[in-house]
Amino acid sequence: MNMTFLDPGQFTARLDLEAATPTPDGQGGAALAWTVAASLWARIEPTSFTFTETAGQMRGQLTHRIWIRARQDVAEGMRFRKGARVFTIRAVRDPDETGRYLVCLCEEGAL
């Protein structure tokens with residue numbers, strides 16, 4: 001397999017990696033509280049934009065490929081935050097199986 005070459009200078013976005021912590025809501029359910037697990041440098045690549053119609057309204061969905069240095073604590077369902085922007089992680093993979101980088105396929109603004 002070919003090794004992926006990535007210039008470290010392309011990691012220009014400072015992101016917070018957040019994990020969900022369920023908090024009891026007092027009525028038998030739970031509310032999610034997001035806590036920062038780590039702050040890291042990343043490369044953000046927009047990949048697609050699609051429109052869907054829900055209840056008669058058009059809604060856009062923007063997806064991204066976010067590159068980070070490899071970590072053991074990144075999983076689907078976590079999210080990245082950059083200021084007011086939120087990127088929900090839908091899939092995580094090692095692009096060249098060398099353990100150097102992770103590519104996270106994310107949706108911006110998704111819950």
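This is a predicted model: local features need pLDDT of at least 70, side-chain atom pairs count only at pLDDT 80 or more; totals for chains, interfaces and linings use all residues.
**Entry 1: Arg85 and Glu108**

I started with Arg85 and Glu108, whose side chains meet in a salt bridge at 2.8 Å, N to O. For this term I take a side-chain nitrogen of Lys or Arg within 4 Å of a carboxyl oxygen of Asp or Glu. Arg85 lies in strand E5 and Glu108 in strand E6, so the pair ties together parts that are 23 residues apart in sequence. Helices (H or I, at least four residues) and strands (E, at least two) are DSSP runs, numbered from the N terminus. Arg85 counts as partly exposed, because its relative accessibility is 34%. My classes are buried under 20% relative accessible area, exposed over 50%, and partly exposed in between, with a 1.4 Å probe and protein chains only.

Residues are numbered from 1 along each chain as its sequence is written, and side-chain values use heavy atoms, with hydrogens and water left out.

How many salt bridges does the structure hold? I find eight. Another one joins the side chains of Arg90 and Glu107 at 3.3 Å, N to O. This pair also links distant parts of the chain, with Arg90 in strand E5 and Glu107 in strand E6, 17 residues apart. Arg90 is partly exposed at 37% relative accessible area, and Glu107 is partly exposed at 22%.

Next I looked up Glu45 and Arg43, whose side chains meet in a salt bridge at 3.0 Å, N to O. Glu45 is buried at 15% relative accessibility, whereas Arg43 is partly exposed at 23%.

**Entry 2: Arg79**

Is Arg79 buried or exposed? With 12% relative accessibility, Arg79 counts as buried. I place Arg79 in strand E4, residues 79-82. Its side chain makes a polar contact with the side chain of Glu18 at 2.6 Å. By polar contact I mean a pair of N or O atoms within 3.5 Å; within protein, one must be able to donate a hydrogen and the other to accept it, and residues adjacent in sequence count only if both atoms are side-chain atoms. Glu18, Arg79 and Arg81 are linked in a network of salt bridges. Not counting residues up to four places away in sequence, Arg79 touches several others, among them Trp34, Phe87 and Ile89; contact means heavy atoms within 4.5 Å.

**Entry 3: the nonpolar cores**

Which members of the largest nonpolar core touch the most others? Of its 15 residues, they are Ile66, Ile68, Phe80 and Ile89. Strands E1, E2, E3, E5 and E6 each supply at least two residues of this core. A nonpolar core here is a set of buried Ala, Val, Leu, Ile, Met, Phe, Trp, Tyr and Cys residues joined through side-chain atoms within 4.5 Å.

I then followed Ile68, whose contacts beyond four places in sequence include Phe11, Leu40, Phe80 and Tyr101. A second, separate core of five residues includes Leu6, Phe11, Trp67 and Tyr101.

**Entry 4: Thr23**

Last, I checked Thr23 in strand E1. Thr23 is partly exposed at 36% relative accessible area. Thr23 and Ala33 are 10 residues apart in sequence and 6.6 Å apart in space, C-alpha to C-alpha. Leaving aside neighbours within four places in sequence, Thr23 is in contact with Gly29, Ala30, Ala31 and Ala33.
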